[in-house]
Amino acid sequence: MTQAVAHAEGVRPGRVRVRPGQRRARRREGLVGLGFLAPNLVLMIGFLFVPIVLAVQLSFQETRGFGDPEWVGAANYETMVQDPEFWRSLANTVLFTAVTVPIELAAGLSLAVLLNSVLPARGLLRTLIVLPMVISGVASAMIAVILFYESNGLVNKVLEAVGLGRIAWQSEGAPAMLSVMLVAVWLRLGFNMVIYLAGLQAISPELYEAARIDGATRWQQLRSITVPLLGSSTFFLLIMNVIASFQVFDVIFVMTGGGPSGATSVLVTYAYRNGFLIREQGYGAALGIVILLITLAFTFLQWRTNRSRDQVG
Amino acid sequence: MARTMRRKAGIAALAVTTTALAGCAGFGGGGGGDEGDDTLSFTTWASESEQLALEDLVAQFEDESGATVELNVVPYEQMFSNIDAQLASGDAPDVFRVDYGNLGVYSSQEQLLDLSDAFSGDEVDAFTPALWEAVSFDGAPYGVPHQTDVSALIVNLDMLAAAGIDASTLPTTQDDAWTWEEFADVAAQLRTALPAEQYPFVVNWQQGGTPRWMSWLFQAGGSFMAEDGTPTIDSPEGAAALDFTRSFFENQWVPPTSTPAGTVYADSLFSEQTTAMAFVGSFLVPDMDYFNEFEWTALPMPRDERGATDLGGNALVATAETDQPELATEFLRFMVTEEAMSTFCAATNELPTLTALEGDAIEFAIRPDVMPVFVDQATTIEPEDVRQLTSPAMAEISVAMQRELEAAFVNGQSTEETLANLDAAIAEASGS
């Protein structure tokens, strides 16, 4: 280790000598660095790491949140394995992720390519697409409830007006899941577009010029230049979108409450339901720990397997 | 120079952290009882009319007692998750409002102030016995029954007339209430007359209202739990209630969105004229009066072996850890005086819990013409119904009930399996 450091600094082994003044300066620099880190560190310890440890502890208890908790060991995790509603919520979460993430990536890239070109009212269009990002998820979901309201919502009124039948957005599982997916994609599209736009602007125009001279079509330019050079952005968005999908809550909670008949119940809404509505806080915490582990595992796998990770940024 | 700047920046960063954390001290959100000797914190949810009435009563109590009451009105959706968190962190308000179903959860966990010494025998006798029982656990009162409300059937007179139903034939009292068969005939007649996107009626059993399904069980002469917690729902009466309510969906008498787990509420579907009739609580009469752009009236709920309705309404409780037990008790006593209760119920179209105010003693502010139906309906509540509905196990039973009814109504789960599952869930919840 010492050798590695010495090589890295271009100094031969055995010749490293740090003067007392330098040591003091380094210590001072370290303290200042710590000072800068401290606000985030303190907040992360207080609001992230400590709650995670407490959640782990809670997941081994049976408690309503008040009164005397009872230590039940791994009983909550055993219940989870045998709980069909947990498996259904997990399957719904995977389905939600598998459908929304590719659409978000493809649509985000398409919009970024479109709005990176010369287009009238480009700024206005970019703003409109990014706008849902700055509106509260709950407020957006409330708007979506009005749109997808089954008996007299706007979407069904429009479908009826053009001669199509009503869709059972709130009483049938598949349409309900489709409605929350549509809203989730709409909410996240702006973020995907912004990241891709930043990536696109980092690609040298000379590459496209050279490709055009070589006779490459627009599609070939997209496939052979744009997509590969946006690999790091795609990787970043993939992780962020998957994590966001596994943690989806507000849209589903407000729009369907996990219904009808659990058709849109996902892991976080199921954890919330157990922890806060049924007052099974231990079981709710155990579900939360499982969500954390799944998210961590996916992030770890992605970082390990993606070869272009060093290109991020 | 650069080093000095860096040091200053580091100190500034630490100062920011300290300030930020100092700001976080207020995250508890609750009132607590540490404001002073004569200050009470009171957390409740409230409709507009309830909030105005509560503000007036709080001001009156402050004038009379010289104390200060901090009224904290929160959305109903957040009420109990907030209270739970505040109880867990020792930062609960001195007084809060709670429905009779949730009260048992808190009283059985020793979270509420025991009011045994605060009311004499005569004072206890002044309350409707069933509702005093609703605030009691193991024989001790843990709150005061502040108001009650019951469901009745409200009908859109225009839609009924269009379906050929003569308004003069509608029942008005418990004596001439529709039987289940008569109610089914009316629903079938409406189904034939109404277009596919409109429905004969809607039941108010969505989400937290799921225990209202018990009204049908009680009407069939059934029960769901014996005094020792043994489940009794798997019975011919249970099967009759389940089969009848399942037929609402099979016959398309109710909107498919109005299942127990649904998020579309009965009063909304009625106000927007998706349904011709709706089961709603009297507390919604002011909203109905405001939103409904058509003629409507209230009818008694249908009856089978007996009449029955749901036990709505709320109690006021003080927390066990309050710093001000005497003042909190004084406030609770004030809120259930005849004068205060009469004022509150008149302004909010809710029903009193004092026997002296039963009948026509209260002049309701809004649609007084429909309120006698609700007052009359309240007489169908029996102490045995209350005992079951206010069990500490009720919150857990309600969750299982929502799941099982949803499976029966939507996924075709058989009556036998549904009742057997409910039986098992009740046994588990009650620990019998």
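## Contacts around Ala278(B)

Two residues are in contact if their C-beta atoms, placed from the backbone, lie within 7 Å. In this predicted model, Ala278(B) touches Ile154(B), Phe201(B), Val202(B), Ala266(B), Asp267(B), Leu269(B) and Phe270(B). That list leaves out residues up to four places away in sequence.

## The nonpolar cores

Ala278(B) also belongs to the largest nonpolar core, which has 121 residues. Ala278(B), Val95(B), Ile154(B) and Val317(B) have the most contacts inside this core. Helix H17 of chain B, residues 394–410, gives the core its largest share, eight residues. Domain 1 and domain 2 of chain B both contribute residues, so the core lies between them.

In soluble globular proteins, nonpolar side chains tend to be buried together.

## Two domains in chain B

Chain B is assigned domain 1 (2–149 + 313–376) and domain 2 (151–310 + 393–430). Taken over C-alpha atoms, the centres of these domains are 30 Å apart. Their contact takes 17 residues from domain 1 and 18 residues from domain 2.

On the domain 1 side, helix H4 (100–108) and helix H15 (371–378) are the elements that give two or more residues. The residues on that side divide into seven nonpolar, six polar and four charged.

## Where the chains meet

The contact between the chains takes 27 residues from chain A and 37 residues from chain B. On the chain A side, helix H2 (residues 20–58) supplies the largest share, nine residues. The residues on this side divide into 12 nonpolar, 11 polar and four charged.

Terms used:
Residues are numbered from 1 along each chain as its sequence is written. Chains are lettered from A and ligands numbered from 1 in the order in which they are written. This is a predicted model: local features need pLDDT of at least 70, side-chain atom pairs count only at pLDDT 80 or more; totals for chains, interfaces and linings use all residues. A nonpolar core is a set of buried Ala, Val, Leu, Ile, Met, Phe, Trp, Tyr and Cys residues joined through C-beta atoms within 7 Å. A residue is buried if 20 or more other C-beta atoms lie within 10 Å of its own, exposed if 12 or fewer, and partly exposed in between; C-beta atoms are placed from the backbone. Helices (H or I, at least four residues) and strands (E, at least two) are DSSP runs, numbered from the N terminus. Domain bounds come from an automatic or database domain assignment. Ala, Val, Leu, Ile, Met, Phe, Trp, Tyr, Cys and Pro count as nonpolar, Asp, Glu, Lys and Arg as charged, and the others, Gly among them, as polar.
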